[in-house]
Amino acid sequence: MKAIDADSAANTVVAISPDIFSARILIVDDQDANVLLLTRMLEGAGYTSVTSTTDPLEVCALHRTNHYDLILLDLQMPVMDGFQVMEGLKEAEAVGYLPVLVITAQPGHKLRALEAGAKDFISKPFDLGEVLARVYNMLEVRLLHVETKNYSKALERTVKEVEASHELIRRQSDEVKSLYEKIIVEQARALELSAQPGVMMGLEKEERLSTPWSRSLRLRHPWLQVNLLTAFAAGGVVFLFQGIINRVVILAMFLPVLAGQAGNTGCQTLAVTLRGVFSGELKAGKVRGLIIKEALLGLMNGAIVGVVGALVMYFVAATQHLSSAPMLSAVVFLAMTGSCVVSSVCGALVPLTLRRLGFDPATASCIFLTTATDMVSMGMLLGLATILVK
């Protein structure tokens with residue numbers, strides 16, 4: 001069935017007749033959030049008689065009393081599912097036309113629901129354009145059926161469209177189609193990414209699987225040397241604080257712990273940032289908001305893991321009978337919190353900076369992010385220990 005965007009749905013709402021605006025609509029869903037969202041969508045579009053229930057057991061009785069023009073029915077509910085509700089509605093429906101628009105996130109349920117008597121379906125998560133368009137089409141057919149009690153040309157056309165959609169559903173569900181489109185987009189992005197200059201990692205666009213090994217070595221090896229230099233830079237931070245390590249040997253135990261935690265925090269931010277860059281979601285005006293959000297997340301995550309790290313440090317230091325155990329715990333907490341904040345910010349800034357400079361952020365970011373997180377985490381731990389531990 002042809003997808004309808006939000007603009008088309010808005011134009012459809014303008015064309016709705018007063019009779020359709022006043023149609024009696026019942027929403028049946030055991031989730032209050034879904035009921036509230038659908039109610040706001042319909043009322044915002046101008047429908048004036050929208051009611052709801054979260055109890056599937058009372059749907060048939062309500063329909064006998066109110067003779068709803070449309071019932072939006074969730075298929076997955078406790079106690080009584082949507083298929084059982086439809087069987088009861090068949091007995092309660094006087095004119096022989098089941099005014100049910102099912103709500104489902106399961107592709108296999110759609111065909112089964114149509115065969116059980118439902119006339120159409122709405123997929124989860126809800127799309128405003130789809131909801132308004134399908135509700136309008138259902139009400140147009142329903143009101144016409146009630147007034148004429150026979151199949152007019154408009155109803156026959158609608159039934160044919162629904163019948164045609166059966167075969168479409170059998171061949172390709174909405175979810176499969178959406179997945180296919182995403183794969184196509186990702187393939188296009190992958191091709192675009194592979195064509196970018198990969199100089200930072202030595203993977204220039206001219207290199208292929210058939211490139212001789214000697215040329216590949218010349219292209220790649222210089223940047224491995226850059227990586228080695230950055231690793232030495234991180235090791236140099238430890239060398240600068242060799243005095244405090246010799247005096248408080250227990251700090252050496254926490255260096256890899258702190259570096260690993262900071263690195264993982266930065267990698268989480270890096271993954272989210274790269275996803276936003278390649279999907280086009282991260283626009284120029286959203287960069288500042290991303291950095292603020294990731295800094296806040298780094299602060300909260302760092303504080304939480306910092307408490308755990310501080311407790312472990314206190315326990316280990318106490319077993320070694322170190323009088324500075326409380327201060328060492330404070331050092332671990334502060335260093336863990338601070339390094340997680342810096343790592344989160346670097347995870348966002350590094351790929352954005354590389355992309356602005358024309359490099360491939362997917363392949364080049366790890367070198368600089370790892371160096372930054374190692375130097376910051378180790379530097380904070382050893383620097384704070386030098387200042388605070390006497």
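Analyst: What follows describes the sheet, strand by strand, and then the helix beside it.

This is a predicted model, in which local features need pLDDT of at least 70 and side-chain atom pairs count only at pLDDT 80 or more, while totals for chains, interfaces and linings use all residues. Residues are numbered from 1 along each chain as its sequence is written, and side-chain values use heavy atoms, with hydrogens and water left out.

Helices (H or I, at least four residues) and strands (E, at least two) are DSSP runs, numbered from the N terminus. Two strands pair if DSSP finds at least two bridges between them. The sheet is open and has 5 strands in the order S2-S1-S3-S4-S5, with parallel pairing. Strand S2 (50-53) and strand S5 (120-123) are at the edges with a single partner strand each, so one side of each has no neighbour in the sheet. From one strand to the next, the twist averages 20 degrees; axes are lines fitted to C-alpha atoms, for helices over the stretch in contact, and angles run from 0 to 180 degrees between N-to-C directions.

Strand S3 (residues 70-74) and strand S4 (residues 100-104) run parallel and are joined by 4 bridges. Leu 73 has Val 102 in S4 as its bridge partner. Helix H3 (residues 32-44) packs on the sheet and touches strand S1 (25-28), S2, S3 and S4, where contact means heavy atoms within 4.5 Å. The direction of H3 makes about 160 degrees with that of S1.

S1 and S2 also pair in the parallel sense, over 4 bridges, and Ile 25 stands opposite Val 50 in S2. The chain passes from S1 through H3 to S2 in a right-handed β-α-β crossover. Right-handed means that, with the strands pointing away from the viewer, the path from the first strand over the helix to the second runs clockwise.
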